[in-house]
Amino acid sequence: MTQIKLLLGDEAIAEGALQAGLKGVYAYPGTPSTEITEYIQHAAAARDNGIHCTWSSNEKTAMEAALGMSYAGCRSMVCMKHVGMNVAADAFVNAAMTGVNGGMVVVAADDPSMHSSQNEQDSRFYGKFAMIPILEPSTQQEAYDMASYAFTLSEAEKLPVLLRITTRLAHSRAAVRVSTAPATPVRREVADSPASWVLLPANARRKNAALTALQPRLEQLAAENPFFKVELSEKASGKGIVTCGTGYNYVMENGATAAGYHVMKIAQYPVPAEQVRDFARRCDSILVVEDGQPFLEEQLRGIVGGDYPLRGRLTGDLPRTGELNPDNVAAALGMRRTPAFAVPEGIVPRPPALCQGCGHRDVYIALNKVLADYPGAKVFADIGCYTLGALPPFCAIDTCVDMGASITMAKGAADTGLHPAVAVIGDSTFTHSGMTGLLDAVNDRANITVVISDNLTTAMTGGQDSAGTSRFEAICIALGVEPEHVRVVVPLAKNMDEITRTIREEIEYRGVSVIIPRRECIQTLARKRRKEMSKNNQQTAK
């Protein structure tokens with residue numbers, strides 16, 4: 001039996017994984033991947049089947065825990081945004097060497113046009129680097145179906161499988177036909193092969209040779225993938241398109257086959273080279289339509305040869321950066337249409353801003369007030385809501401590079417003699433990647449002041465649990481910060497004198513000091529109060 005559900009792409013993957021017998025999802029929240037884990041957390045099947053679905057401290061711990069679940073014989077899924085792959089890379093690449101026992105699916109949500117990210121990196125390169133299968137759905141229905149297919153593929157080939165999506169698929173809704181059959185977690189025997197799982201050089205060399213030898217089979221499986229398709233136009237124009245992911249939708253929306261284009265849709269990597277060559281022989285030229293970096297285009301160039309007329313992002317026929325849309329794909333197809341996705345004239349962009357009443361605002365007001373007395377002071381910030389402190393009216397931070405970089409960059413600057421060097425980091429980011437940097441600073445007795453702006457949640461991605469809530473003082477002291485230089489303040493305007501005095505005193509201290517401004521995020525507080533009010537109203541009605 002089946003039913004129709006209106007699902008985000010993220011939710012479709014979650015639903016498909018649950019139906020496939022998932023035992024655990026491991027993730028760190030990051031747009032546009034967050035809703036996968038949140039959907040599972042609220043699913044009745046997760047409660048009924050004891051499915052693990054709490055948040056991990058970071059993407060590396062998530063990847064390692066999922067690999068441990070696979071080792072123990074159960075199906076696991078790891079979810080993250082594209083830059084999270086950088087954090088998880090060590091475990092991810094080596095998981096291809098150990099292989100898997102229970103199926104293991106890694107979902108990477110890429111963010112072309114950088115709606116909420118620092119870069120446009122394409123996770124498909126990671127899959128190719130690790131030499132594992134990559135799946136790329138084009139629709140929400142395919143996202144649902146591919147989740148189950150991915151687990152089957154993973155167990156059949158004893159490899160992790162990378163499922164790559166982009167923002168438009170992750171955060172758009174469509175009707176998805178899903179199974180209503182009850183599903184229970186799949187369980188296999190616990191792995192018992194130290195020669196596979198202990199990556200000593202002798203074992204690793206053998207595993208590397210086996211993984212390399214497996215590549216022709218993985219390429220053949222890509223050709224046999226049920227989502228791979230070739231659609232031939234009835235018009236003999238000699239024009240061809242090779243596409244994948246959301247790009248396929250834009251191609252078909254523009255009526256490519258009716259306009260005389262043959263279309264090949266790639267759904268799995270490694271690229272099925274022989275099928276591409278056959279397709280190229282049918283066409284006089286090929287346009288490569290892919291959202292993200294020219295990953296597919298570069299590989300096709302090697303397959304069809306340098307003299308073949310291949311067009312795409314590298315040739316300028318499609319934009320080199322940013323998302324694709326039906327307009328720029330239409331232009332590449334030589335079709336004229338009224339632009340539907342251009343920003344109308346006269347519309348002024350509205351940059352994001354810290355919420356009115358947010359505690360981060362008071363932190364930056366206090367910092368600006370104190371640092372005005374210190375010419376040359378620098379504030380090294382991090383990834384989170386508080387990054388908006390770079391914008392007016394605060395203009396309070398000088399850097400933001402990657403998760404956890406604030407503390408280590410402040411330390412590096414302090415190592416040159418720069419003073420004061422201030423690091424601003426959020427509570428969730430601190431436990432994600434900041435603790436090791438603080439340990440480095442303590443070991444070197446660096447002259448830095450660290451501000452852990454604690455709003456008791458992972459606010460930027462919607463208010464998920466923060467791993468270190470109520471433990472930051474203990475963590476900092478355990479890492480070696482002197483207890484008298486771990487100080488807590490409440491970021492409110494009425495406390496401004498106390499906050500500025502505390503910041504000034506710790507800047508003057510020649511060593512590592514930590515200030516923790518703590519006040520609950522007003523968004524999560526408002527939701528909590530609405531929930532309490534609703535509960536009280538229900539009780540009153542009774």
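Student: Which residues touch the most other members of the largest nonpolar core?
Tutor: The model is predicted. Its largest nonpolar core holds 95 residues. Those that touch the most other members are Ile-40, Met-63, Met-77, Val-106, Val-107, Ile-286 and Leu-296.

Student: Which helix gives the most to this core?
Tutor: Look at residues 84-98. This stretch supplies eight residues to the core. The helix is helix 5.

Student: What is Met-63 in contact with, leaving aside its neighbours within four places in sequence?
Tutor: Met-63 is one of the residues that touch the most other core members. Contact here means heavy atoms within 4.5 Å. The partners are Val-78, Met-80, Ala-88, Ala-91, Phe-92, Met-104 and Val-106.

Student: How many residues are in the second core?
Tutor: This core is separate. Among its members are Ala-414, Val-442, Val-450 and Ile-452. The count is 50 residues.

Student: How many residues of helix 14 are buried?
Tutor: Helix 14 spans residues 295-304 and is mostly covered. Its buried residues are Phe-295, Leu-296, Glu-297, Gln-299, Leu-300, Ile-303 and Val-304.

Student: Which residue just after helix 14 takes a positive phi?
Tutor: The phi value is about 100°. The residue is Gly-305.

Student: Which strands stand at the edges of the five-strand sheet, and why is one side of each left without a neighbour?
Tutor: The sheet is open, with parallel pairing and the order 14-15-16-18-17.

Student: What does the twist average from one strand to the next?
Tutor: Take the strands in the order 14-15-16-18-17. From one to the next, the twist averages 20°.

Student: Which residue in strand 15 stands opposite Lys-378?
Tutor: Strand 14 pairs with strand 15 (residues 421-426) in the parallel sense, over three bridges. Opposite Lys-378 stands Ala-421.

Student: What angle does helix 17 make with strand 15?
Tutor: Helix 17 (residues 405-415) packs on the sheet. It touches strand 14, strand 15 and strand 16 (448-453). The angle between the directions of helix 17 and strand 15 is about 175°.

Student: Which helix gives the most to the lining of the largest pocket?
Tutor: The largest pocket has a volume of about 850 Å³. Lys-81, Ser-116, Ile-383, Gly-384 and Met-460 are the closest to its centre, out of 42 lining residues. The elements that give two or more residues to the lining are helix 5 and helix 18. With five residues, the one that gives the most is helix 18.

Methods:
Residues are numbered from 1 along each chain as its sequence is written. This is a predicted model: local features need pLDDT of at least 70, side-chain atom pairs count only at pLDDT 80 or more; totals for chains, interfaces and linings use all residues. Side-chain values use heavy atoms; hydrogens and water are left out. Two strands pair if DSSP finds at least two bridges between them. Helices (H or I, at least four residues) and strands (E, at least two) are DSSP runs, numbered from the N terminus. Axes are lines fitted to C-alpha atoms, for helices over the stretch in contact, and angles run from 0 to 180 degrees between N-to-C directions. Buried means under 20% relative accessible area, exposed over 50%, partly exposed in between (1.4 Å probe, protein chains only). A nonpolar core is a set of buried Ala, Val, Leu, Ile, Met, Phe, Trp, Tyr and Cys residues joined through side-chain atoms within 4.5 Å. On a 1 Å grid over the protein atoms alone, a cavity is a set of points where a 1.4 Å probe fits but cannot get out, and a pocket is an open set with protein on both sides within 12 Å along at least five of seven lines; lining residues have an atom within 4 Å of a point. Grid points are joined across faces, edges and corners, and a volume is the space filled by probe spheres set on the points.
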